[in-house]
Amino acid sequence: MIKFKTEENQVFFIGAGPGDPDLLTLKGARALEGCHAVFAPTPYEETFAQLLRGKQVLVPFGFYFQELLDLLHKLLEKGDVAFLVPGDLTFYSPFQALIDVLGTRAEVIAGVGTANAASAFLKKTLDLPGVCNRAVIASPRTLGDQPGSPTLAELAAPGVTLLIYMNNLPLPELVAQLKKGYGKSVPIALVHRLCLPGEEVVLATLDEIVEQVGERDFFNLTGTDRRPALTLVVAGETLSATVDGSWWDFRRDTIWKFREE
Ligand SMILES: C[S@@+](CC[C@H](N)C(=O)[O-])C[C@H]1O[C@@H](n2cnc3c(N)ncnc32)[C@H](O)[C@@H]1O
């Protein structure tokens with residue numbers, strides 16, 4: 001049994017998964033239960049409403065950093081506090097500065113990242129042997145726009161499964177970059193609002209996707225706010241590949257068997 005409680009009240013950064021509370025870990029659920037105040041980014045205040053009942057629910061992005069720290073210290077006088085971290089801390093999470101400044105008072109709990117949930121939805125492993133030998137995680141928002149900054153065209157290549165978070169490129173431009181990198185049309189999935197109301201997944205090829213999506217704005221490029229849409233892009237040959245049992249048997253012979261078998 002993991003013991004959460006130390007002498008001091010704690011701030012838990014709970015990997016909350018893509019939005020469905022069913023994907024909260026047991027450890028996360030236990031920590032959340034013990035907190036009297038919870039910072040929940042939209043739409044978690046709605047989808048987690050049942051688990052948040054009776055707790056003070058706050059929106060983290062409504063505060064500047066120092067305001068947030070002052071508020072946290074007040075809340076900590078009363079008991080434990082939680083942040084629901086979309087997906088979890090592993091990729092593209094804005095909570096690192098808080099965790100660093102809180103030091104031993106911060107506890108991070110792993111969760112189901114959007115990449116994991118997308119792989120499950122698509123029923124595809126993202127590094128299928130013989131088809132893909134690596135997965136690359138990137139966002140055009142953070143690659144930088146200085147001369148020499150890497151581009152998606154440079155990251156995409158045969159054998160790469162590319163996971164693109166927070167895309168801010170118009171779809172035709174994104175597709176052009178990926179086609180340049182892959183050198184051909186490969187499968188692409190736009191995974192929108194996974195595990196949330198309004199969930200929609202468009203699976204096509206680079207040659208088909210622009211027409212298939214039409215006027216739909218899956219990346220919030222035209223909305224009134226600048227927030228990245230809850231859309232993950234996954235591209236690569238693994239999305240349409242199937243395998244027979246020969247790889248299983250190869251592993252059985254070369255990895256799983258005891259040496260003397
Ligand atoms: C700030 S990042 C957070 C990523 C998160 N830390 C994770 O591990 O999944 C936000 C981006 O994650 C992806 N994302 C988060 N939740 C999603 C969801 N429910 N469905 C599809 N994509 C999602 C989108 O690319 C979105 O722009």
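Let's start with a pair of charged residues: Arg105 and Glu8 form a salt bridge, and their closest N and O atoms are 3.8 Å apart. (A salt bridge here is a side-chain nitrogen of Lys or Arg within 4 Å of a carboxyl oxygen of Asp or Glu.) Arg105 sits in the loop between helix H5 (96–102) and strand S5 (106–109), while Glu8 is in the segment before strand S1 (11–15), so this pair ties together parts that are 97 residues apart in sequence. Glu8 counts as partly exposed because its relative accessibility is 37%. (Buried means under 20% relative accessible area, exposed over 50%, and partly exposed in between, with a 1.4 Å probe and protein chains only.)

Before going on, note that this is a predicted model, where local features need pLDDT of at least 70, side-chain atom pairs count only at pLDDT 80 or more, and totals for chains, interfaces and linings use all residues. Residues are numbered from 1 along each chain as its sequence is written, and side-chain values use heavy atoms, with hydrogens and water left out.

Lys179 lies in helix H8 and Asp207 in the loop between S9 and helix H9 (209–213), so the pair links parts that are 28 residues apart in sequence. Lys179 is partly exposed at 33% relative accessible area, whereas Asp207, at 53%, counts as exposed. Another salt bridge runs from Arg216 to Glu200, with the closest N and O atoms 2.8 Å apart. Here Arg216 is in the loop between H9 and S10 and Glu200 is in strand S9, so parts 16 residues apart in sequence are tied together. Arg216 is partly exposed at 41%, and so is Glu200 at 29%. (Helices, H or I with at least four residues, and strands, E with at least two, are DSSP runs numbered from the N terminus.)

Strand S9 takes us to a sheet. Five strands form an open sheet in the order S6-S7-S10-S8-S9, with mixed pairing. Its edge strands are S6 (134–138) and S9 (200–205), each pairing on one side only. (Two strands pair if DSSP finds at least two bridges between them.) From one strand to the next, the twist averages 15°. S8 (residues 187–192) and S9 run antiparallel and are joined by six bridges; Ala189 stands opposite Leu203 in S9.

Now look for the helices lying across these strands. Helix H6 (residues 114–122) lies across S7 (160–164), S8, S9 and S10 (231–235), at about 60° to S10. Helix H8 (residues 171–182) lies across S7, S8 and S10, running at about 160° to S7. (Axes are lines fitted to C-alpha atoms, for helices over the stretch in contact, and angles run from 0 to 180 degrees between N-to-C directions.)

Phe65 and Ala97 are 32 residues apart along the chain, and their C-alpha atoms are separated by 8.8 Å. Phe65 is partly exposed, with a relative accessible area of 37%.

Key
Contact means heavy atoms within 4.5 Å.
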